[in-house]
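Here is a short report for a reader who is new to this structure. Please keep the sequence and the model in view while reading.

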Amino acid sequence: MAGTAATGAVCITGCSWRNSSRWEFLSNAQAETLAALADQIIPEDDFPSASQAGVVVYIDRQLMGPYRRHRGAYQGGIESADQISRKFCGVALAQARPTMRQEVVSALAERFREFFEMVREHTMEGYYGSPRHGGNRDAVSWRMLGLKEPPLRGRAHYDLSKGRGS
Amino acid sequence: MNRVNAVIVGAGAAGGIVAKQLAAAGLSVVLLERGPWYTPADCRKDDLRNQRTTVLGNAFGPEDLGFPRVVVDAGGVARIVRPSDSAYQNNAACVGGGTLSYGAQAWRYMPQDFRMKSVYGAPAGSSLEDWPIGYGDLEPFYDQAEYEIGVSGDYAPDPFHGPRKRRLPMPPLPANREWEILEPAARRLGLHPFAIPMLRNSVPYNDRGPCMRCRWCVGFACEVDAKNGSQNTVIPQALATGNCELRMRCTATEILMDERGHARGVEYINEDGRREQQLSDVVVVSACAIESARLLLNSKSRLFPNGLGNRYDQVGRHLQGHYYTGALGYFDHDTYDDVGPGASIALCDYNHGTPGLCGGGMLANEFIRLPIHMIDRLPPGTPRWGQGHKQAMREWHRRTIVVMGPTQQIPTAEARVTLDPAVRDKWGAPVARIQGNSHPHTFEIGAVQAKRAQAWLQEAGAIHTALMNSRPQMISAGQHQAGTCRMGNDPRASVVTPNCQLHDVENVFVIDGSVHVSNGGFNPALTIMAIAYYASAALVRGWKGTRYRS
Ligand SMILES: Cc1cc2nc3c(=O)[nH]c(=O)nc-3n(C[C@H](O)[C@H](O)[C@H](O)COP(=O)(O)OP(=O)(O)OC[C@H]3O[C@@H](n4cnc5c(N)ncnc54)[C@H](O)[C@@H]3O)c2cc1C
Ligand code: SF4
């Protein structure tokens, strides 16, 4: 199947409908909604928001791997978020005004608790976890917390000449 | 395939030691391990995929696909769980077993821990019992584990430990920041803090260098190989004898029996997925408590229709782990110094002797604090998301201390492993089904322990504290799993003899945490190692009398 977008995203069977997506699993529109949702969970201040730090990249990538099992939940949940938003203000979450977004996400957290809790958890993982999985760009959250980067502090002053090493 | 003297199932803490002891005594040994051998070069410090935080999977196995278990909750609802789900109750699947990635706390149980029923009486509805062996029987083997595998620490300030013949072979690591905060506070409370004994090199030992104090320790492999497990001590030694062959990615599925009720060897799936047999004079099961019970239950034959060793429906019962409780303390100054392994200070004042409580547990500071762990450990009342949460992460990440400990569980016969009637693993074998909980008194003890941790943190200057004592809905027996093949003298009430030999079958041994009658108020690995040395010595004695040769 000719399913590889110009950006190099890899497509697997059955995904031709979103072969123009910049993302590995999500459609562009889904990714925008997810970004808006994640940015309510970790908003921008002196430090980047969730999506600015790569949380959507993290979640999208995991949906091709260990979080494959959550694909249906993401598709349904993102749809619900947009539906709530359209009901509140006539547009999808990503197009809503910032104050509106917070209301929509609070409503989502109440009505679709399970989905919201999952996104909350995954957003935190993407933001505070290792950059190697696509989130926490440039280890920004670790620096925000005042941690050394790279974090293996001991390595710097370890004398490998002691003992045989390994 | 050539017949050997012994097949050992599982190259973890216990299996590695048994392999080395038997091979050194001249027996030919095949050591089967379902996982691969990771080396320090494979060591990748990944905070989302390790053996403790497993949101993206287990770093050291089992993999998520093909190896489910079934767990039954308090309401009797069964569900299928994958290995990286905490309800699965995983330890590990690799050479070294749990000891490749463990925290390496190296505790001896206390003398009372082997005599719980005599000391306290068994609470109604519990299956609390005395061990058929005592601390004194194990002391020489604790010593052997401490010296051969390698333990650092200093017991001098602790007045509660059982008698010891000599000091530990290595001194403790120097103090970290949390030690400096917690140690004087404990002394002011009249308690007896001391350095946690650790299966970790503080100085060069066993031809390997010391810990570089990286703090990504518990749940990770050590990239400088300073953490001592079976994979970097006894297993290489076993192989060096020339008498032991390690077969990796080989999963035992059944113990084979002959018509006289003797084991003939083991059937296993090899690394190419083919079914093989390895014949042997003796079979040693060291697959960690849950899988050891499962292998026995899956070994059905004409003489043993309910599984091996299970004539009296004892295999799989009394499943135990620990009930972890404690407290979080929040400080108005930095407590964080990023110096590994993190956990440094413990006290055993609360293991025994509180009126009204059947035991207790050790308390210690927690190993590790990665940002991902802080997300749900912010002060009570902190918003769970949004600007307030992000702000609190910045405010508290470097200013908290966790003190907690493994409350000794009061066992029940209903907390158990059986075979699931429907679900099978990718090789077609019925999977473990886990159900039941420890005795309710366990949770009373845990609640008291949490308050004690809180008091310690308050004395240390915590400006807020939060208790960590949520009550689990099912048995908590993952990393510290034990108890499924009880050791005892009565064949109707236990599975193995005091020498870890099946009551039912002379040439099958279960040697790992399965045989624990009760599980102490301590992390179990050093006791599992001591039992492995102890039971190997008995096996070798029996072997020299050629008792098991067919
Ligand atoms: C992250 C972590 C931290 C820990 N921290 C501590 C600590 O600080 N202190 C402490 O005392 N303990 C700690 N533990 C627990 C400790 O690792 C275990 O108690 C110990 O490893 C158990 O020893 P075992 O021999 O019973 O089983 P294991 O060490 O688990 O070995 C069993 C082996 O058998 C293999 N196996 C299972 N079934 C089969 C089969 N059918 N065929 C072939 N092979 C099989 C498994 O793959 C495994 O390698 C920790 C564990 C973990 C995971
Ligand atoms: S803290 Fe020490 S023993 Fe643990 S992984 Fe780091 S260097 Fe190795």
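Is Glu276(B) buried or exposed? Glu276(B) is buried, because its relative accessible area is 19% and the cut-off for buried is under 20%. The model is a predicted one.

## A buried glutamate and its partner

Glu276(B) pairs with Arg274(B) in a salt bridge. The closest N and O atoms of this pair are 3.9 Å apart. Arg274(B) is partly exposed, at a relative accessible area of 48%.

Salt bridges with shared partners link Arg108(B), Glu139(B), Glu146(B), Arg164(B) and Lys165(B) into one network.

## Salt bridges across the sequence

Side chains of opposite charge can pair when their charged atoms come close. Over all chains, the whole structure has 34 salt bridges. One of them joins Arg166(B) and Asp143(B), with the closest N and O atoms 2.7 Å apart. Arg166(B) sits in the loop between helix 3 (135-150) and helix 4 (177-188) of chain B, while Asp143(B) belongs to helix 3 of chain B. The pair therefore ties together parts that are 23 residues apart in sequence. Arg166(B) is partly exposed, with 41% relative accessible area. Asp143(B) counts as buried, at 10% relative accessibility.

Another salt bridge connects Glu259(B) with Arg302(B). Here the closest N and O atoms are 2.7 Å apart. Glu259(B) is in the loop between strand 7 (251-257) and strand 8 (263-269) of chain B. Arg302(B) is in the loop between helix 6 (289-297) and strand 10 (322-330) of chain B. These places are 43 residues apart in sequence, so the pair ties together separate parts of the chain. Glu259(B) and Arg302(B) are both exposed.

How many cavities of 30 Å³ or more does the structure hold? There are six. The largest cavity contains about 110 Å³ of space. It is lined by 16 residues, and the closest to its centre are Arg200(B), Cys211(B), Cys214(B), Cys217(B) and Cys222(B). The lining divides into ten nonpolar, no polar and six charged residues.

What takes up the space of the largest cavity? Ligand 2 does. The residues around ligand 2 include Cys211(B), Cys214(B), Cys217(B) and Cys222(B). Arginines are there too, among them Arg200(B), Arg213(B) and Arg215(B). Lys45(B), Met212(B), Trp216(B), Val224(B) and Pro341(B) are also around ligand 2. This shell has eight nonpolar, no polar and four charged residues.

Most residues other than glycine have a negative phi, and most peptide bonds are trans. Chain B has exceptions to look at.

The peptide bond from Gly340(B) to Pro341(B) is cis, and omega is near -5°. Pro341(B) lies in the loop between strand 10 and strand 11 (345-347) of chain B. Gly61(B) and Pro62(B) are also joined by a cis peptide bond, with omega about -10°. Pro62(B) is in the loop between strand 2 (29-33) and strand 3 (69-72) of chain B.

## Positive phi angles

Which loop holds Asp138(A)? Asp138(A) is in the loop between helix 5 (113-128) and helix 6 (140-144) of chain A. Asp138(A) is not a glycine, yet its phi is positive, at about 55°. Asp138(A) counts as exposed, at 60% relative accessibility.

Asp207(B) has a positive phi too, of about 65°, and is not a glycine. Asp207(B) is found in the loop between strand 5 (194-195) and helix 5 (234-240) of chain B. Asp207(B) is exposed, with a relative accessible area of 54%.

Glu24(A) is in the segment before helix 1 (28-41) of chain A. Glu24(A) is partly exposed, at a relative accessible area of 32%. Glu24(A) and Ala38(A) are 14 residues apart along the chain. Their C-alpha atoms are separated by 18 Å.

Key: Residues numbered from 1 in each chain as written. Chains lettered and ligands numbered in written order. Predicted model: local features only at pLDDT ≥ 70, side-chain atom pairs only at ≥ 80, totals over all residues. Heavy atoms only, no water. Near = heavy atom within 4 Å. 1 Å grid on protein atoms, 1.4 Å probe; cavity = no way out; pocket = protein on both sides within 12 Å on 5 of 7 lines; lining within 4 Å. Sits in = over half its atoms within 2 Å of the grid points. Nonpolar A, V, L, I, M, F, W, Y, C, P; charged D, E, K, R; others polar. Salt bridge = Lys/Arg side-chain N within 4 Å of Asp/Glu carboxyl O. Helix = DSSP H or I, 4+ residues; strand = E, 2+ residues; numbered from the N terminus. Buried < 20%, exposed > 50% of the residue type's maximum accessible area, 1.4 Å probe, protein only. Points joined across faces, edges and corners; volume = space filled by probe spheres on them.
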